[in-house]
Amino acid sequence: MACLLEAPLRISVLSEVTATSRHYVDRLFDPDPQKVQQGVIDMKNAVIGNNKQKANLIVLGAVPRLLYLLQQSSSSLELRTECAVVLGSLAMGTENNIKSLVDCHIIPALLQGLLCLDLVFIEACLRCLRTVFISPVTPVQLLYTDPTVIPHLMSLLSRSQRTQEYITQIFSHCCKTPEHQTVLFNHGAIQNIAPLLISPSYKVRMQALKCFSVLAYENTQVSMTLVNVLVDGELLSQVFVRMMQRDQPIEMQLTAAKCLTYMCRAGAIRTDDICIVLKTLPCLVRMCSKEHLLEERVEGAETLAYLMEPDVELQRIASTTDHLVAMLADYFKYPSSVSAITDIKRLDHDLKHAHELRQAAFKLYASLGSNDEDIRKKITETENMMDRIVSGLSESSIKVRLAAVRCLHSLSRSVQQLRTSFHDHAVWKPLMKLLQNAPDEVLVMASSTLCNLLLEFSPSKEPILESGVIELLCSLTQSDSPALRVNGIWALMNMAFQADQKVKVEIVRCLGTEQLFRLLSDPDTNVLMKTLGLLRNLLSTRPHIDQIMSSHGKQIMQAVTLILEAEHSIEVKEQTLCILANVADGNTAKELLMTNDDVLQKIKYYMGHSNVKLQLAATFCISNLIWNEEDVQAVVNSDCAHKGSQERQDKLREMGFVDILHKLTQASDPNLCDRAKTAMQQYLA
């Protein structure tokens, strides 16, 4: 019988709750304004801290009625203010509550309310807007739909400390793109918000500081303006430095450090400035220590990584500050079984977010080790570091995997590490696994790392080759992403360097001539350069040159001609001429050049070019064509060899190459002069 009673009991309880909630909503429609106002006040008291009641009232349609009352000019200011307060309370519930409020067009209604002159009502509207806009489910673009909103908000900043706090908080949460930064900048955000940094209210100072951090991020225009701003006679950068002092709250220290970091990265402050080297960097290192909260350690490490990413001197300073490299090892042990965290709620939170610490540590290690060999060595010698990276490559969190592969990529720039740590831990195995199925962002970084592992001196090159990597790399060259195409072809280029003929043949077979020549006309210059590099590596050593040119010579000559005729950079044309120089070094392949007058005329043109690099590369081509191969073992009949070189020399003389070579022996560039003299000696031999 108990089972039979259970369902009706639940229904009756639900009905009771809904009936109670319905009573609140019904009172909003009472014809007596006083009763309506009292009903709103009672509703306000009923929803405080009660998410269930909030959800019920939203479902029962309280929001449209509250918004109607809020917008009616016939409603008293007290009633309109109470409506704004209740709506703000409803917004403090779940994300679903926020979605419902936004769907009911709460934002335009509240923004309209800001045109009222009553300060208490304005503050209530702003408080509710703040709550709505700080939710991740609210489309921030709604703040920018009406172009009159931002200037009006700027004008309200001077009304009270509350308007300052709420408006700056709205700005810092709604400034997500360069376009948003520009809108706020153009409407005087810097001039209006800068004085708030010395407000007596901590909340105002803090929100103003957060505003500057989002405005300055990757924005040169804002950063260059900020560096010259004075606040009460003091430079803004010095105000930020004071906010980083140890006696300030951690949140303020961190945000001030972010402001200076972003200004530095945007080029407004030099990396060797005292406020960066002696203030910002030490402050961020301090944030990485284990006495700080998890989110503070994460933010400190990620900001520090960003600060020093392009600057080797900052990387060196950071690596010797407060034992940072060893300190970061603690990020992988958190929370430990003997954790000092006694707050169960905090421990639960940290267990769920511990992966963020690992991600931040990998990012910071990647930044620290991006240039200096000694720092890389220090990182790899940190306890179990390589094992941690290998584990990181297979973590469930995509962000951790990306950070781990970034770290691996940074360390893979070291010849020593490629030969030792990378080989000892067989890092190529998890890296190959990662390449099988990953988002593009991870693929780009993983394939970049693979490029380094395929360098000639890397012990990992052979096992990677044996694992069937060629097909994978060839598939990357067909990606829509230019970065993946570059990495795919770059890895093949490294693989082809001084490779066996078998490997080269497999690359050409797997890539296919159609794809190879498609890459030679790729709109991305980096892809084109790496494809030319691959072709150059394939066409090295005479037997390889002759074999590839015998099967693909016609297409190669056609592609080369198109590149030399088109509008390309000096580097592209130099690489193309170097390929022709390699072809000219073949035994039978050079005849493809000698029988192609069009290509010979192009070589002649580049020998007289104004750019020395192109002159030198073109002269190499001719030098190889006129070379007398009597000493070459591959040619058995030396009389035939001599006769062949004589015929080539005669033809090139007739085409005017000897006259050009003679002129080049007087060239001001010593390398070009020597190359021309060497070629001329062949005529005299």
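Contact is taken here as heavy atoms within 4.5 Å. The model is predicted, so that local features need pLDDT of at least 70 and side-chain atom pairs count only at pLDDT 80 or more, whereas totals for chains, interfaces and linings use all residues. Residues are numbered from 1 along each chain as its sequence is written, and side-chain values use heavy atoms, with hydrogens and water left out.

Figure 1. Helices are DSSP runs of H or I with at least four residues, numbered from the N terminus. Ser481 has a relative accessible area of 16% and is therefore buried (buried means under 20%, exposed over 50%, partly exposed in between, with a 1.4 Å probe and protein chains only). Setting aside residues up to four places away in sequence, Ser481 is in contact with Asp440 and Val444.

**Figure 2. The largest pocket, with a volume of about 1200 Å³.** Of its 40 lining residues, Tyr217, Tyr262, Glu302, Tyr306 and Lys363 are the closest to the centre. On a 1 Å grid over the protein atoms alone, a pocket is an open set of points with protein on both sides within 12 Å along at least five of seven lines; a cavity is a set where a 1.4 Å probe fits but cannot get out, and lining residues have an atom within 4 Å of a point. Grid points are joined across faces, edges and corners, and a volume is the space filled by probe spheres set on the points. Helix α18 gives the largest share of the pocket lining, 7 residues. The lining comprises 13 nonpolar, 12 polar and 15 charged residues (Ala, Val, Leu, Ile, Met, Phe, Trp, Tyr, Cys and Pro count as nonpolar, Asp, Glu, Lys and Arg as charged, and the others, Gly among them, as polar).

**Figure 3. The largest cavity, holding about 30 Å³ of space.** The count is 1 cavity of 30 Å³ or more. Helices α33 (513-519), α34 (525-538) and α35 (542-565) each supply at least two lining residues. Among the lining residues are Phe517, Leu535 and His552. The lining divides into 7 nonpolar, 2 polar and no charged residues.

**Figure 4. Leu368 in the largest nonpolar core.** A nonpolar core is a set of buried Ala, Val, Leu, Ile, Met, Phe, Trp, Tyr and Cys residues joined through side-chain atoms within 4.5 Å. Of the 238 residues in this core, Phe240, Leu368 and Ile603 touch the most other members. Beyond four places in sequence, the contacts of Leu368 include Met308, Leu328 and Ile379.
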